[in-house]
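Thank you for making the time this morning.

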Amino acid sequence: MSESAETVGFLVAGEPSPEQRVALERCEAAGIDVETLALAAVDDARLSAYDVLWWHRAEPLKAVGGGTIEDVRAPLETHLADGGGLLLSLRALEAVPALGIDPVEPDVTTLEEEPPAGLLCRSAFADRPVFDGFDELRVATRAPEGEQPCARYERVLPERGAVLASTLRADREAPAEPALFGWRVGDGDVAGLGTGIQFDGPAPETAARNRGRLLENLLGVLAADDERLLEHEPKSAAALSAARERLADDHHRPRYHISPPENWLNDPNGLLEWNGTYHVFYQYNPAGPHHGTIHWGHAVSDDLVTWEDRPIALTPSPDGPDRDGCWSGCAVGVDGTAKIVYTGGDGDVQLPCLATATDDDLVDWEKYPENPVIRSVPVDPPLRSTEHWRAEFRDHNVWREDGTWHHLIGSGIEDGGGTALLYTSEGDEMIDWTYRGPILTGEPDRDGAMWECPELLDLGEKRLLHVSNYEEVRYYLGEYADRSFDVERDGLLDHGAFYAPQSLRDDGDDRWLTWGWIKPDRSPAAQWDAGWAGTLSLPRRIDLDDEGRLRQRPAAELTALREDRAYADSPTLADERRELPFAGHSFELRAEIRLEDAAECGLAVRRSPDGEEETLLRYTRESDLVVDRAASTTDHRASSDPVSMPVTPVDESLSLRLFVDGSVLEVFANERHCLSTRIFPTRADSDGVSLYAADGRAVFEGLEVWTMGSAWPAVGDTERGTDAAPGSDRPRARDRRGSR
């Protein structure tokens, strides 16, 4: 470490322990101006002499004595309010609630026999001063041997803080074990490093050097007058927007799909049109790009075209039935008030919970104080249990019919198939539910042993029930009467990485709009490096065609995202490949394709000039449309398996709409079949498009390609840097507020 200018007050609760003595020696050897300061002597005058305070403690906090910490709280609050800094390391992190920094305390405090090797730094903070001097996100800070005291948040997260780094172990990366945290407190900052920073013990040269550098960086940032540990309050709209801007240059990031501002996204939740605004909530983990402590993210739009981030809507309550996560649920309007029914997770129990909006913008939510609203699972039929859950009992679909509230919950029957369980309620309070039994149960081998995210939609002539069974989204068309569903036709809603869809009733246009989660389809390490994972599909209009078959089409408003029409022609190809005079990774393509006498035809997208990387869409006489990802990427961390769907009959033209958006590829065929998948080309020049026909002729009639604009207008346009010209024929989005 280089000699530093800040003055450090090193807090002790008595005589320094062996670990504290070694830490002090290392600081003095590195030229850090450090003075020992007894907790019992802390007052405003004493603290004014220090730029930053450091409490490093290996022993449990309870040995200090509650009175001592209570006495220190007020002077420390003054110190932080005036712009001072505080570093809490190892077991000192346990003091966070007692010092008023955060109401949530670390849920893991122990002496690890197999300690971590270092930190797994979040890419979102890689360019921040706290990680200055580190070229990698994986930073070794100690020998992965011996014992080490630690304090971590795992099943819970701090309410007011942010995760800066997780844990690096000798044999694996552990993103679900956060290690380094940051808080903004007044004009000051607090850092909590609960692991990976022990001084009294062996440390390889590189690890010792990294440890010293990290300590210097932390103390320097916490002491600085012109630098903050965090740019914005965590979980605020400003923090989310800044994160989205920071990731805008990632060529895998979707531009016109709903994607997380950073970190992790999965199921769409609580879809609702409210006072002329579309609200999309989604499963979100603020701790990093991995599934973990689930909150509810929130995005809004007036036109289905441009979107804005809102603050995180639901956060787990440390002492509540949703302690381990606010999982999937739905939103409904009741007498001018929006309500959310969601699954709360606590240990091996998952039960329905309720929250009510306290403002018209649906930003603030109040949880029902007596949650959960259903306090136990039914016993008939016996529900599926696992090593993790007493009973699989989650995800909610609520609607009003014939003056009664209906409520579906996903589950599975022990030694049987997945099922959708029905509850009803007569009251608008939505707190008294009566169990009515399953409306439908599937065959385990065919339909899956567990049904997640059940949803029943009224399409007029028929009802649509769709369920997600871990592998795919199955749908059932039929009749719903007497609390039972009679299946007449079934199939797959999507043939790719599409999962856990949920729908919004747009009463103004008398339609259903459906979004699904498009899975990441690359390794956890790749997700961590990118800093984000998961996206939502485009909104689809779901209804029935004239023959009573299920129809799926992109929402009509999406045409307003079209910018330049980059290509328009009706080429005929015969045993050839033809490059289109267009390149891009954010576009829409549509055509009517006829095989004529060709054995196969198709197109390549995200193609490099030499063909090293390309994704093929192959239309064959076997009646399949295949997305061939064998050459989609040279990155072994991304999936290259093919995905396909039937598109019969081949003797008619194939109506194709293809949406390419960074790593997202969504295919709509004949307004009936859908396939969503992910592709991750590594080369910057993998943005070409070509057509081909093999063993004969094929026609691409009415082929058009449009470049697409961004759904996030506050984020810089990194692909073209241009907007549609005034007077262009770009469709305008309907002003939904003015249409009411």
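This is a predicted model: local features need pLDDT of at least 70, side-chain atom pairs count only at pLDDT 80 or more; totals for chains, interfaces and linings use all residues.

**A loop contact, then strands and cavities**

Residues are numbered from 1 along each chain as its sequence is written, and side-chain values use heavy atoms, with hydrogens and water left out.

Asp-303 itself is found in the loop between strand S14 (295–301) and strand S15 (308–314); helices (H or I, at least four residues) and strands (E, at least two) are DSSP runs, numbered from the N terminus. Is Asp-303 buried or exposed? At 12% relative accessibility, Asp-303 counts as buried, the term buried meaning under 20% relative accessible area, exposed over 50%, and partly exposed in between, with a 1.4 Å probe and protein chains only.

Now to strand S12, residues 263–274, where 12 of the 12 residues are buried, so the strand is largely enclosed by the rest of the structure. Strands are said to pair if DSSP finds at least two bridges between them. S12 is joined to strand S13 (residues 277–285) by seven bridges, in the antiparallel sense, and Leu-265 has Tyr-284 of S13 as its bridge partner. S12 and S13 make a hairpin with two residues between them, and in that turn Asn-275 has a positive phi of about 55°. S12 is also joined to strand S30 (residues 532–533), here by two bridges and running parallel, with Trp-264 standing opposite Ala-533 in S30.

Strand S25, residues 463–468, is likewise mostly covered, six of its six residues being buried. Arg-463, Leu-465 and Val-467 point one way from S25, whereas Leu-464, His-466 and Ser-468 point the other way, and all are buried. As background, in a regular strand the side chains alternate between the two faces of the sheet. On the side of strand S24 (residues 452–458), S25 pairs in the antiparallel sense over five bridges, and Glu-452 stands opposite Ser-468. Their hairpin has four residues between the strands, among which Gly-460 takes a positive phi near 95°. Strand S26 (residues 473–481) is joined to S25 by six bridges, again antiparallel, and Val-473 in S26 is the bridge partner of Ser-468. S25 and S26 form a hairpin too, with four residues between them, and Tyr-470 in the turn has a positive phi of about 85°.

A further sheet is open and antiparallel, with four strands in the order S16-S17-S18-S19. Strand S16 (325–334) and strand S19 (365–367) stand at the edges, each with a single partner strand, so one side of each is left without a neighbour in the sheet. S16 and strand S17 (residues 337–346) pair over nine bridges, and Cys-330 stands opposite Val-341 in S17.

How many cavities of 30 Å³ or more does a search of the whole structure find? There are four, a cavity being a set of points, on a 1 Å grid over the protein atoms alone, where a 1.4 Å probe fits but cannot get out, with lining residues having an atom within 4 Å of a point. The largest holds about 350 Å³ of space, and its lining of 25 residues includes Phe-125, Ala-162, Pro-234, Ala-239 and Glu-262, which lie nearest its centre. Helix H5 (237–246) and strand S9 (162–168) each supply at least two residues of this lining, and H5 gives the largest share, with five residues. The second largest cavity holds about 50 Å³ and is lined by 13 residues, with Tyr-256, Ile-258, Trp-307, Leu-538 and Pro-539 nearest its centre.

Key
On a 1 Å grid over the protein atoms alone, a cavity is a set of points where a 1.4 Å probe fits but cannot get out, and a pocket is an open set with protein on both sides within 12 Å along at least five of seven lines; lining residues have an atom within 4 Å of a point. Grid points are joined across faces, edges and corners, and a volume is the space filled by probe spheres set on the points.
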